[in-house]
Amino acid sequence: MESPDLSDDPGVHRGFICASFNQDTTSLSVGTKTGYRLFSVTAVDKLDCIHEGVECPDVYIVERLFSSSLVVVVSLSMPRRMNVYHFKKGTEICNYSYSNNILSVRLNRQRLVVCLEESIYIHNIKDMKLLKTLLNTPINPSGLCALSINHGNSFLAYPGSATMGEITVYDANNLSTVTLIQAHDSPLAALTFNASGTKLASASEKGTVIRVFSIPEGQKLFEFRRGMKRYVSISSLSFSADAQFLCASSNTETVHIFKLEQHSPSQEEESPTWSAYVGKMFTAASTYLPTQVSDMMNQDRAFATVRLNMFGLKNICALATIQKLPRLLVASSDGFLYIYNVDPQDGGECVLVQKHRLFESNEEQVDQKEQENPENVPPQPPSQTYAATVALPTTAPSSTTLMGYSEDGGAQKGEVIPEHEFAEGPVCLDDENEFPPVGNQNN
């Protein structure tokens, strides 16, 4: 899931840099000025911090593999280097250095994907061997990409164009392109797969329309209108585990939840209500109207909404079942995790049931003192965006970086062998039993 931007906004907690949910939304990872934190989100009333890593400061990417001990970390101090840790043992599994700054990392049980501005690296997660490098991909300054958490297909989606909303869907298991989807007129802003990798949701930079496509065919299944009045910056998209719902958060105060259901004409005939009658009239009229207008009339609106008590702050959202009930989770750059109840039958306005602090109260006091004494505040990067921040000039890769694999066996620029390749023994997570059981996830 996407990471929020660094920001100078006074509403942003000064220790907060980024956040991400793990693949099954049982854990929340937070990158901080001092390192990173991993939280368990399996209960409503309590938020347990299960680990705090201090190996490196200013963590702007932190991704955990399901409920395992494998965590991937990238720091602002070394934005070209990816560190892979076994956090329970407190050991580094390996590290990789790249030719440019790392913008995002995605992982499932089969693959680990690293996205740079103009290239993508695909690793085998079991031994971290580099399997494929996708060079000269369209310029992708935010590192936008999505990886199916279903390791049986390991579909990877990323922008196929820098100027329009084309999506490239790539098979990271078989290392081949699957399809190209013409999703939007404007450049892409958000992408996410459902749990089984059979659906892909997308939004453009305009942020007004969200579309859902079938995978691998690339056929449009649903089209949802987030709003008409203004363009917004969508910061995250997330399916529910059963792919019946899709949530979207942005830089506005509203989080939208859409319901993925096909409208049956027979049901409309059986319920001769006023709304059904008006709906039929609109459908009939749309055949005589310009395409843009008829498309707008046929788009579904939000099934449920959440009104946040903030505006303009970065956040990520996810749908989860916690203690047997559907919930919406919102991790915000104000330093809090918000949990809402979702009514799966009637939708409507969601109710806030819990608000958890991601930082201790004494850290809040320290932050307050720092704000009162700005001369003690370390200089912040001048860039406003997450991607621009990590694109700041950095020192060249260490001389110990080793050139190595490529898909054809030769050495190419930017491809390196991880240090563990020369370790005494193979990489071993040693906790495969911590993974949730893999069942039939087809919808």
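Buried means a relative accessible area under 20%, exposed means over 50%, and partly exposed lies in between (1.4 Å probe, protein chains only). The model is predicted: local features need pLDDT of at least 70, side-chain atom pairs count only at pLDDT 80 or more, and totals for chains, interfaces and linings use all residues. Residues are numbered from 1 along each chain as its sequence is written, and side-chain values use heavy atoms, with hydrogens and water left out.

Select S148 to begin. This residue lies in the loop between β13 (146-147) and β14 (155-159); strands are DSSP runs of E of at least two residues, numbered from the N terminus. S148 counts as buried because its relative accessible area is 0%. Next, display its contacts (heavy atoms within 4.5 Å). Neighbours within four places in sequence aside, S148 contacts N108, N153, S154, F155, F193, A195, S196 and G197.

Proceed to K206, in the loop between β18 (199-204) and β19 (209-214). Its relative accessible area is 33%, so K206 is partly exposed. When residues up to four places away in sequence are not counted, K206 touches S186, Y231 and V232.

Finally, turn to the cysteines. A disulfide is a pair of cysteine sulfur atoms within 2.5 Å, and a search of the whole structure finds zero. C247 is in no disulfide; the nearest cysteine sulfur belongs to C317 and is 3.3 Å away. C247 is buried, at 0% relative accessibility.

Note on methods:
Helices (H or I, at least four residues) and strands (E, at least two) are DSSP runs, numbered from the N terminus.
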